[in-house]
Amino acid sequence: MSMNKQENKSGLVLWLTGLSGAGKSSIAEKLVEYLELKHQKVQLLDGDLIRNFCPTGFLKNERNDHVKRVGFMASLLEKHGVIVIASLISPYQSARDDVRLMCKNYHEIYISTSLEICETRDVKGLYKKARASEIQNFTGVSDPYEIPKNPELKVQTEGVSVDESVLKVLNYLKSVKSI
Ligand SMILES: Nc1ncnc2c1ncn2[C@@H]1O[C@H](COP(=O)(O)OP(=O)(O)O)[C@@H](O)[C@H]1O
Ligand SMILES: [Mg+2]
């Protein structure tokens, strides 16, 4: 594949979307670790971490504002040649499409893990609380998740190790950018 220097230096956005517990953060963190070892300019934008600093709610408009806020940051960073790894549920297709338009080089990666598996993992005990109605508007339980219509990549995590999933994303990244 021929690629000029400009393309080689250009940033891009890998946007990991999926249910809570799908594996977005786990995959994103390992990917960032690997790319940093390879001296790549990389920035993780994790939805939960950003929510810690910019708290917001879980109503549809609040979720979409959060997604657009993160998308805007991603668009600024990619302009400076950064590989942006965004990991957030981003449940609505329309908001993800807004981010796609905001960014120059957006790649939607669907971390495809069934609700059943996510609920079995229940990493943070949130599904249990959502089922007991202790928390409201929980994606997959009492709030929608719109499956990506045309993701650039779909990563199945069931019966697969985190490392194998990371490799899948990495191979995809290598197919769109020389690193
Ligand atoms: N192939 C896989 N890819 C990613 N995570 C996996 C995989 N298999 C099992 N897991 C586990 O699933 C959990 C996913 O949690 P997390 O990454 O916090 O999800 P999310 O950020 O999507 O809410 C972790 O405990 C992780 O170890
Ligand atoms: Mg996460």
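**View 1. Five strands form an open sheet in the order S2-S3-S1-S4-S5, with parallel pairing.** Strand S2 (42-46) and strand S5 (153-156) stand at the edges with a single partner strand each, so one side of each has no neighbour in the sheet. On average, neighbouring strands are turned by 20 degrees against each other, direction ignored. Strands (E, at least two residues) and helices (H or I, at least four) are DSSP runs, numbered from the N terminus; two strands pair if DSSP finds at least two bridges between them. This is a predicted model, in which local features need pLDDT of at least 70, side-chain atom pairs count only at pLDDT 80 or more, and totals for chains, interfaces and linings use all residues. Residues are numbered from 1 along each chain as its sequence is written, while chains are lettered from A and ligands numbered from 1 in the order in which they are written.

**View 2. Strand S1 (residues 12-17) pairs with strand S4 (residues 106-112) in the parallel sense.** The pairing runs over five bridges. Opposite leucine 16 stands isoleucine 109 in S4.

**View 3. Helix H2 (residues 24-37) lies across S1, S2, strand S3 (83-87) and S4.** H2 runs at about 165 degrees to S2. Axes are lines fitted to C-alpha atoms, for helices over the stretch in contact (C-beta atoms, placed from the backbone, within 7 Å), and angles run from 0 to 180 degrees between N-to-C directions.

**View 4. Around ligand 1 there are 17 residues, of which Gly23, Lys24, Ser25, Ser26 and Thr157 come nearest.** A residue is near if its C-beta atom, placed from the backbone, lies within 6 Å. H2 and helix H8 (162-176) are the elements giving two or more residues to this shell, and H2 gives the most, with four residues.

Key:
Contact = placed C-beta atoms within 7 Å.
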